[in-house]
Amino acid sequence: MSQEELAEKMDVSRQSVSKWESGGSIPDMNKILMLSEIFGVTTDYLLKDDVEQSGIAEDHSTPGNVRSISLDEANSFMDVTRAVAGKLSAGISLCIMSPVVLLALAGYTEWKGASGHLSAAAGISVLLVMVAAGVMLIVNSAMKKSKFEYISTEEIALDYGVKGIVAKAKEDFEPVLRKTLIVGIALCIVSCIPLIAVSTVTPEDYMAVVMVSFMLIIIAVGVYLIVWAAQINGSFQALLQEGDYTPKNKRVQKKIAWFPGVYWGAVTAIYLAISLLNQSWDRSWIIWPVAAVAYLAIGGIVKSLAERKDQKP
């Protein structure tokens, strides 16, 4: 039976039948029941990959150590990623905003000419609480996604029809991704405008300090949007093995999986050592934004070295 003949019997387009055949999409349950009646087979025969035909089992095995991903696994992975994306983004944003209260109190103290010891203590306390809350959100999100780590680190093969469903979900999310990234990046770019505006109007240092707080808040919102969108889009790319999740990139990422933990552990140790030894809590917070920028540069170098090593026979 040709695709045109089957399409006519089922009152669908030939392109729909072609997508069913190639695994680009899966027919809905009503169409599956119609197919079972037309071909005189059970719905299990149409839906399961492990049925036997004419006494010979169909071979759907994957080569080597490639792991097969079912539709349920793929949906669970996408659902969990979407559920924790907001919490992970909020955790990172909290870490970025953690010095805001400290800076605002420092500006207020300088403006009023009052003693800064109490303000500094309160600001540092809020900073530590916000960092702790942010880290808790980040760790909790990572733990929830850890059971699906193999999707992002190992070579996988999607079961019949899964690729089409994931590709459709990715296509539907692209307008949201585009708008969110544009707004997030724009916020990060314009975040310094309040500081620049105040600097041109008044030479008072306390106003500049307060404007730095506003700048960090705007950056935190922008980063939240960027990370949220990137996390969800990353789940589609991981399943489709695109972008940073091609089999080659997965091998590289697996080799440098140690880097984030070692890096941020070292940064935390340096931050605590400097702050405790010099009692410079009101100034040592600068380590965090500097470390965040340095992370991108150092991470790029580590990844580049791992890629070169991976290319060697």
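The structure is a predicted model, in which local features need pLDDT of at least 70 and side-chain atom pairs count only at pLDDT 80 or more, while totals for chains, interfaces and linings use all residues. Residues are numbered from 1 along each chain as its sequence is written, and side-chain values rest on heavy atoms, with hydrogens and water left out.

## The chain as a whole

The chain contains 15 helices and four strands, where helices (H or I, at least four residues) and strands (E, at least two) are DSSP runs numbered from the N terminus. Of its 313 residues, 30% are buried; here buried means under 20% relative accessible area, exposed means over 50%, and partly exposed lies in between, with a 1.4 Å probe and protein chains only. A contact means heavy atoms within 4.5 Å, and among contacts between residues at least 6 apart in sequence, 75% join residues at least 24 apart.

In soluble globular proteins, nonpolar side chains tend to be buried together. A nonpolar core is a set of buried Ala, Val, Leu, Ile, Met, Phe, Trp, Tyr and Cys residues joined through side-chain atoms within 4.5 Å. The largest such core in this chain has 21 residues, and those with the most contacts inside it are I69, I151, V166 and L239. At least two residues of this core come from each of α5 (71-97), α8 (149-153), α9 (162-190) and α11 (205-240). When neighbours within four places in sequence are left aside, V166 is in contact with A74, M78, F236, L239 and L240. A second, separate core has 14 residues, including L127, V131, I256 and F259.

Apart from neighbours within four places in sequence, S98 is in contact with L127, M130 and V131, and S98 is buried, with a relative accessible area of 2%.

L158, in strand β4 (residues 156-158), is in contact with I69, K163, L239 and L240, again leaving aside neighbours within four places in sequence. The C-alpha atoms of L158 and V66 are separated by 10.0 Å, although these residues are 92 residues apart along the chain.

Which residues of helix α1 (residues 3-10) are buried? They are L6, A7 and M10. These residues lie on the same side of α1 because they cover an arc of only 100° around the axis, the arc being that of the directions from the helix axis to the C-beta atoms. An α-helix has 3.6 residues a turn, so residues three or four places apart point the same way. The face of α1 turned away from the buried side carries the exposed residues E8 and K9.

The buried residues of α1 pack against α2 (14-22) and α3 (29-39). Two packed helices are described by the angle between their axes and the distance between the axes. For α1 and α3, the axes come within 11 Å and cross at roughly 120°; the axes are lines fitted to C-alpha atoms, for helices over the stretch in contact, and angles run from 0 to 180 degrees between N-to-C directions. At this meeting, L6, K9 and M10 in α1 touch K31, M34, L35, I38 and F39 in α3.

## Two residues with positive phi

Most residues other than glycine have a negative phi, and most peptide bonds are trans. D11, in the loop between α1 and α2, has a positive phi of about 60° although it is not a glycine, and D11 is exposed, with a relative accessible area of 71%. Q241, in the loop between α11 and α12 (247-255), also has a positive phi, near 55°, but Q241 is buried, at 18% relative accessibility.

## Partly exposed residues and cysteines

| Residue | Relative accessible area |
|---|---|
| C188 | 27% |
| C192 | 29% |
| L158 | 23% |
| A197 | 36% |

A197 belongs to helix α10 (residues 193-201), and the C-alpha atoms of A197 and M211, 14 residues apart in sequence, are 9.2 Å apart in space. A disulfide is a covalent bond between the sulfur atoms of two cysteines. Counted as a pair of cysteine sulfur atoms within 2.5 Å, disulfides come to zero here.
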